[in-house]
Amino acid sequence: MLQVTDLAKYYDGQPVFSGFDLHLPAGRFQVLLGPSGCGKTTLFNTLTGVTPKDAGDIVWQGETMSHLGNLCAYMHQKDLLLPWFSLMDNALLPARTRGLDMAAARERTTQLFFRLGLAGFESHRPHQVSGGMRQRCALVRTLMFDRDLTLLDEPLSALDAITRQRLQHLLLLLQTEFSKTILMITHDVDEALLLADDIFLLSPLPMAVTRCFSLALPKPRAFDDPLLLHTKAEILGHLEKGGVS
Ligand SMILES: Nc1ncnc2c1ncn2[C@@H]1O[C@H](COP(=O)(O)OP(=O)(O)OP(=O)(O)O)[C@@H](O)[C@H]1O
Ligand SMILES: [Mg+2]
């Protein structure tokens, strides 16, 4: 579905990454794990055209393009909700800009609000709710883009442990339900092990993939699964050696 080859991005003449390759087959859930400041958000921004790439090829379903733009849904690390809109209106923005049937979109948003614990807060403004609630609203908005490929930049980072666990399960369900291909950034090894088909470990700046783990385990997964525990030990061992968070 997505093939990235030799991608490079420089800030002030210094590479954030160069010669960066990524292959994302349709239907997979891939997770990027790397230390703070290594270039993960910059990678997403470069893929989507928020910032221009300096070199490399981005091939989407066989077609070479300068960036993916709106072909993918992108949940930014910052929630980017519009402060003067209610949570519901923020979540409905993708449907509105695409000229979709608003009654159907509202129904779907209402369902997602319910499933993500936002029911009753539809008419609140972003400043009237918690950071975790804003993050969940941003997740609903991302899902309402309804793209085959979804990029999630630390989508669950502002959530407490219980809510986070609930939403991890929900993400899995949604991936199946919306038949998504997902590329997600997280700092949480357990989260990666629970959700990912492939986990890419990244080096500090300039960013490169240092190891890839593929987990052929059915989902939902149990934390005491021997293969999962073995992979976790390998990942933690690698992170300790490489100084990756
Ligand atoms: N607009 C910019 N101009 C100059 N340098 C930038 C810019 N954006 C990011 N950088 C630098 O690029 C590097 C990578 O930043 P980036 O935000 O991609 O890291 P990250 O891996 O997403 O970190 P985190 O896990 O903390 O979110 C950092 O050193 C950062 O200071
Ligand atoms: Mg980031």
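Trainee: How many bridges join E9 to E10, and do the two run parallel or antiparallel?

Mentor: General idea to begin with: strands of a sheet pair through backbone hydrogen bonds, in either a parallel or an antiparallel way. In this predicted model, E9 and E10 run antiparallel and are joined by five bridges. For a spot to look at, take Ile 199, which stands opposite Phe 213 in E10.

Trainee: Okay, zooming out. What is the strand order of the open sheet?

Mentor: Read across the six strands and you get E6-E7-E8-E3-E9-E10, with mixed pairing. E6 (72-75) and E10 (209-214) are the edge strands: each has a single partner, so one side of each has no neighbour in the sheet. From one strand to the next, the twist averages 15°.

Trainee: Now the ligand. Which residues are closest to ligand 1?

Mentor: Start with the shell, then go to individual atoms. Ligand 1 is surrounded by 14 residues, and the closest are Ser 36, Gly 37, Lys 40, Thr 41 and Thr 42. Helix H1 (residues 40-48) supplies the largest share of that shell, three residues.

Trainee: What about the shell by class?

Mentor: Seven polar, five nonpolar and two charged residues.

Trainee: And which atoms lie at 2.7 Å and 3.0 Å from an oxygen of ligand 1, backbone or side-chain?

Mentor: Backbone ones, in both cases. A backbone N or O of Gly 37 lies 2.7 Å from a ligand 1 oxygen, and a backbone N or O of Gly 39 lies 3.0 Å from an oxygen of the ligand. For a side-chain example, go to His 187, where a polar side-chain atom lies 3.2 Å from an oxygen of ligand 1.

Trainee: How much of ligand 1 does the protein cover?

Mentor: On its own the ligand has 640 Å² of accessible area, and the protein covers 61% of that.

Terms used:
Residues are numbered from 1 along each chain as its sequence is written. Chains are lettered from A and ligands numbered from 1 in the order in which they are written. This is a predicted model: local features need pLDDT of at least 70, side-chain atom pairs count only at pLDDT 80 or more; totals for chains, interfaces and linings use all residues. Side-chain values use heavy atoms; hydrogens and water are left out. A residue is near a molecule or strand if one of its heavy atoms lies within 4 Å of it. A polar contact is a pair of N or O atoms within 3.5 Å; within protein, one must be able to donate a hydrogen and the other to accept it, and residues adjacent in sequence count only if both atoms are side-chain atoms. Accessible areas come from the Shrake-Rupley method with a 1.4 Å probe; for residues, only the protein chains shown count as cover. Helices (H or I, at least four residues) and strands (E, at least two) are DSSP runs, numbered from the N terminus. Ala, Val, Leu, Ile, Met, Phe, Trp, Tyr, Cys and Pro count as nonpolar, Asp, Glu, Lys and Arg as charged, and the others, Gly among them, as polar. Two strands pair if DSSP finds at least two bridges between them. Axes are lines fitted to C-alpha atoms, for helices over the stretch in contact, and angles run from 0 to 180 degrees between N-to-C directions.
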